[in-house]
Structures are given as structure tokens and as C-alpha cells.
Amino acid sequence: MDIEWVDGFTIRVRSDSDGTVVVSANREGLLSLAGQLTALADAEAGSHIHYDEYNSLEEGSSQMIIEKTE
């Protein structure tokens with residue numbers, strides 16, 4: 001599965017103390033996520049995308065894994 005990014009993207013993920021997960025992104029970040037979720041929807045069950053501050057998210061972000069189940 002090809003992971004594509006729109007130039008200039010920024011994405012931050014945080015988990016609040018009440019368990020709420022907040023994903024904040026600029027336009028380019030949202031377009032990047034939309035394309036990646038579309039690619040994941042067409043992938044095999046068990047496929048996943050792992051996001052963290054070392055490969056795609058802003059510094060200090062929580063890790064996020066999105067997995068296709070069926």
C-alpha cells in the first residue's frame with residue numbers, strides 16, 4: 001500500500017485525560033489522511049497504518065494505528 005503525503009501537511013494526535021483522542025490537522029494533513037484511509041479501505045484485512053512523531057506526526061503527538069478489520 002502506497003502512503004502519500006500532500007506537501008506542507010501537519011498532523012497532531014493527542015489523548016486527553018478523559019480518554020478522548022483528538023486529531024488536529026491542516027488542510028494538507030486532512031487530504032493526506034483522506035487519501036491514506038481510502039487506500040487502507042482497499043487493502044487486505046489486517047493492513048494498518050502506523051503514525052507517530054518519528055515518521056509523520058508533529059513532535060509530542062501520541063501514536064496512532066489505524067487498522068482494517070474486514
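**A polar contact at Ser47 and its setting**

A polar atom of the Ser47 side chain lies 2.8 Å from the backbone oxygen of Glu44, a polar contact in the sense of an N or O pair within 3.5 Å, where, within protein, one atom must be able to donate a hydrogen and the other to accept it, and residues adjacent in sequence count only if both atoms are side-chain atoms. The model is predicted, so that local features need pLDDT of at least 70 and side-chain atom pairs count only at pLDDT 80 or more, while totals for chains, interfaces and linings use all residues. Residues are numbered from 1 along each chain as its sequence is written, and side-chain values use heavy atoms, with hydrogens and water left out.

Ser47 belongs to the loop that joins α1 (27-41) to β3 (48-51). Ser47 counts as buried because its relative accessibility is 19% (buried is under 20%, exposed over 50%, partly exposed in between, with a 1.4 Å probe and protein chains only). Beyond its neighbours within four places in sequence, Ser47 makes contact with Leu40, Ile66, Glu67 and Lys68 (contact means heavy atoms within 4.5 Å).

Of its 70 residues, 24% count as buried. Among contacts with a separation of 6 or more, 41% come from residues 24 or more positions apart. The C-alpha trace spans about 35 × 30 × 20 Å along its principal axes.

Notes
Helix = DSSP H or I, 4+ residues; strand = E, 2+ residues; numbered from the N terminus.
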